[in-house]
Each structure stands twice: as C-alpha cells, then as structure tokens.
Amino acid sequence: MSSSNRYKRQIMSDLAGGNVESLDGSSIEENYDNFDDFANRSSREERHGLFRRAFDHDKVSPQQMEPELQKAIAQIKPKERDDVAREFFKQLKKRGLSEKDLEKQLGLSTHHASRMNADDVSKLASFAYHSHPDIFQDVMADQPALIKFLSNPLVGAALGAVASKWLHR
C-alpha cells in the first residue's frame, strides 16, 4: 500500500473515530451551521489559518490537486470564477507577474479576469498551487466558494479536519 493510501486511510479513520487534533490550538468560539455559513461568517484570519494548514504540498500533490481544481472551477458561478481569477492576478502581481505575462506564460485565452473561462482560471490556480502555494492558500481563504466543490479524498480529508474543528456540534 502506498504512503498516500496509508495516510488517507489514517485520516479517514481518525475522523470517523472522532479523533481530531486542533489545527491551531485555539478554543472554538463559534459554531457554524454549514460550510456556506462558515465561509460567510468566519473571519479572514480564521480562514487563512485553516486553509494554510489544509492545503499543504506534502499532503496533496499538485498532480492530485489539478484535476480537482478543474472540476471545482467548472462548477462555481461565473461571478465567483471572475473573483477567483481577479484575486489570483492581484496576488501574483505583487510578486512581479503581470496579467499579460501570465496570459502568455500559461497560454490563457485572455488576461481580463471577467472574460476568462473555467479552463483559464484552472490554469491560473494550478500555476499558483505549483509555484506560489502561499498565494494559492490565501486566495482559497479569500474566495471560499471554490473549496466546497473539491472532492479528492486527500482534499476531503484536509477539509474534514477543518470541518470538524469549525462545524462541530
């Protein structure tokens, strides 16, 4: 059995058994009804801390993440997709990467966030996950609509840990 499968089984077993370690050591002050409630009412700092821990390259490889990003981005609303693209561009620009440079480098159909299709946004997200994981984590925390459409078991395990911390009852 591969280490990935052993890890996956262990996470799922721990979650099923209620064995959930605290992700940040803080006490839980707020209950959320569901993921959308968490996304809407949690603070930016809460989401950032959780997503920084959940999307670790040691836990979810880029090869596992890419197809999940493609499926998830295809499912979000066009306005949310625009927001995700705009936020990636904004963060990547801080690293000296312009929209036009990224358009050429990644083979995007446009450098205008509002005109990008799901494939373009997927390429942008994959690039960030590969090359700038901290930016990827920040954008996921700032644009949490995308997270609920990720389904890979390893991603699910990471989000299960997040959910068990924040959505406990």
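At what angle do α5 and α8 pack, and how far apart are their axes? In this predicted model, where local features need pLDDT of at least 70, side-chain atom pairs count only at pLDDT 80 or more, while totals for chains, interfaces and linings use all residues. Residues are numbered from 1 along each chain as its sequence is written, and side-chain values use heavy atoms, with hydrogens and water left out. The answer for α5 and α8 is an angle of about 140°, with the axes 10 Å apart. (Axes here are lines fitted to C-alpha atoms, for helices over the stretch in contact, and angles run from 0 to 180 degrees between N-to-C directions.)

Stepping back to the overall fold, the protein has nine helices and zero strands, so the run of elements from the N terminus reads α-α-α-α-α-α-α-α-α, given that helices (H or I, at least four residues) and strands (E, at least two) are DSSP runs numbered from the N terminus. Of the 169 residues, 43% are buried, that is, under 20% relative accessible area, with exposed meaning over 50% and partly exposed in between (1.4 Å probe, protein chains only). Among contacts (heavy atoms within 4.5 Å) between residues at least 6 apart in sequence, 76% join residues at least 24 apart.

The largest nonpolar core holds 29 residues, and F88, L92, L102, L124 and F136 touch the most other members. Such a core is a set of buried Ala, Val, Leu, Ile, Met, Phe, Trp, Tyr and Cys residues joined through side-chain atoms within 4.5 Å. Two or more core residues come from each of α4 (62-75), α5 (78-93), α6 (99-106), α7 (118-131) and α8 (133-142), and α7 gives the most, with seven.

Now for how α5 meets its partners. The crossing of α5 and α8 is right-handed, and the contact involves V84, E87, F88, Q91 and L92 of α5 along with I135, F136, V139, M140 and D142 of α8. With α7, the axes come within 10 Å and cross at roughly 40°, this time in a left-handed crossing. (Left-handed means that the near helix is turned anticlockwise from the far one by less than a right angle, right-handed that it is clockwise.) Here R81, V84, A85, F88, F89 and L92 in α5 meet A118, V121, L124, A125, F127 and A128 in α7. Beyond neighbours within four places in sequence, F88 is in contact with L124, A125, A128, I135, F136, V139 and M140.

(Rings of Phe, Tyr and Trp, the last by its six-membered ring, pair if their centres lie within 6.5 Å; planes under 30 degrees apart count as stacked, over 60 as edge-to-face and the rest as tilted.) Both Y129 and F136 are buried, and together with F88 they form one aromatic cluster.

In α6 sits L102, buried with a relative accessible area of 0%. Leaving out residues up to four places away in sequence, L102 touches F89, L92, L97, G107, L108, L124 and F127. By contrast, P67 in α4 is partly exposed, at 38% relative accessibility.
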